[in-house]
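Hi,

Here is the structure I promised to pass on to you. Have a look at it first, and then read on for what turned up.

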Amino acid sequence: YEHRRIAREYLKSHFFVDFLSVIPFHHLFNFLYHTGMERTRLTDDLCGTLGFCRLLRLIRVPRLLERWKLEIQIAYSIGTICSSLARMFLCTHCLACWIIMIGVSGMDRPGAKGTWLEKYYSSNMNSAAVEMVDAYLLSMHWALYTLTGIGYGDVGPMAHNEPEFLVTIASMLFGSITWGAIVAAVVSIVEDTNAKRAEAMKTMDVVDH
């Protein structure tokens, strides 16, 4: 192996993402608060958003799925459907974690205007009292109907909570692109299957006549 070449390729590809994902932003901001930096709503939102960088390492998953499909030699259609389902779950999970992060961080913020979690929990509770399993199910419900464009509306940002609205807008944009790619992949498989079936039927007609 050419170790220097491997190191150069790593520095040009995944190093920056891996570096961001291992930085303990929460502890870093706590240290800055103890050294005299003022804790504001902006710094709390920034800390929470930077903490979301840990999920950036999940961008490797599609590449690993492609390698896995080649190694086990499964059919193209089955592999495409499985990878599309995996991408859908990955996107939904990331959006769910994002909205949970915004909701939980807002519950502990002094002078907060209310978060989406407070629709289901008492407004005087803090983040430690939140049942994470219930919150995750709620956020997955929100993320899935946001991704697919169904939009029930029972879970959503609180009024006058700008970070939650920004997260929701970004999630709708990202989710629509992801959902469009998934639907396009599935439709292409169905069209290819129908084309092969039609060609087979034409061949049978020619043979019969």
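This is a predicted model: local features need pLDDT of at least 70, side-chain atom pairs count only at pLDDT 80 or more; totals for chains, interfaces and linings use all residues.

Gly48 sits in helix 4 (residues 41-51); helices here are DSSP runs of H or I with at least four residues, strands are runs of E with at least two, and both are numbered from the N terminus. With a relative accessibility of 13%, Gly48 counts as buried (buried is under 20% relative accessible area, exposed over 50%, and partly exposed in between, with a 1.4 Å probe and protein chains only).

Residues are numbered from 1 along each chain as its sequence is written, and side-chain values use heavy atoms, with hydrogens and water left out.

On the overall picture: the secondary structure comes to eight helices and zero strands, which reads along the sequence as α-α-α-α-α-α-α-α. The protein has 209 residues, and 33% of them count as buried. If we take contacts (heavy atoms within 4.5 Å) between residues at least 6 apart in sequence, 63% join residues at least 24 apart. The accessible surface is about 13900 Å², and carbon and sulfur atoms account for 66% of that; accessible areas come from the Shrake-Rupley method with a 1.4 Å probe, and for residues only the protein chains shown count as cover.

Ser84, in helix 6 (residues 76-107), is buried at 6% relative accessible area. Neighbours within four places in sequence aside, Ser84 is in contact with Ile182 and Ala185. Thr178 belongs to helix 8 (residues 162-208) and is also buried, at 16%. Not counting residues up to four places away in sequence, Thr178 touches Cys91 and Leu147.

Next, helix 7. The buried residues of helix 7 are Ala135, Leu138, Ser139, Met140, Trp142, Ala143, Tyr145, Thr146, Leu147 and Thr148. Just after the helix, Gly149 has a positive phi of about 80°.

How many salt bridges does a search of the whole structure find? The search finds one, where a salt bridge is a side-chain nitrogen of Lys or Arg within 4 Å of a carboxyl oxygen of Asp or Glu. Lys12 pairs with Glu9, and their closest N and O atoms are 3.6 Å apart. The two residues are three apart in helix 1 (residues 3-12), so about one helical turn separates them. Lys12 is exposed at 64% relative accessibility, whereas Glu9 is partly exposed at 42%.

There is also a nonpolar patch on the surface, made of Tyr10, Leu11, Phe15, Phe16 and Phe19, with about 510 Å² of accessible area together. Helix 1 and helix 2 (15-22) are the elements that give two or more residues to this patch, and helix 2 has the largest share, with three residues. For the cut-offs, patches are made of residues with over 30% relative accessible area and no salt bridge; like charges are joined within 9 Å, and nonpolar side chains (Val, Leu, Ile, Met, Phe, Trp, Tyr) within 5 Å. Leu11 lies in helix 1 and is exposed, with a relative accessible area of 52%.

Finally, the aromatic rings. Rings of Phe, Tyr and Trp (its six-membered ring) pair if their centres lie within 6.5 Å, and planes under 30 degrees apart count as stacked, over 60 as edge-to-face and the rest as tilted. Three aromatic pairs come out of a search of the whole structure. Tyr10 and Phe15 have ring centres 6.0 Å apart and planes at 80°, so this pair is edge-to-face. Phe15 and Phe19 form a stacked pair, at 6.0 Å centre to centre with 20° between the planes. Both of these Phe residues lie in helix 2, four residues apart, about one turn of the helix. Ring pairs link Tyr10, Phe15 and Phe19 into a cluster. Tyr10 is partly exposed at 33%, Phe15 is partly exposed at 36%, and Phe19 is partly exposed at 43%.

Best wishes
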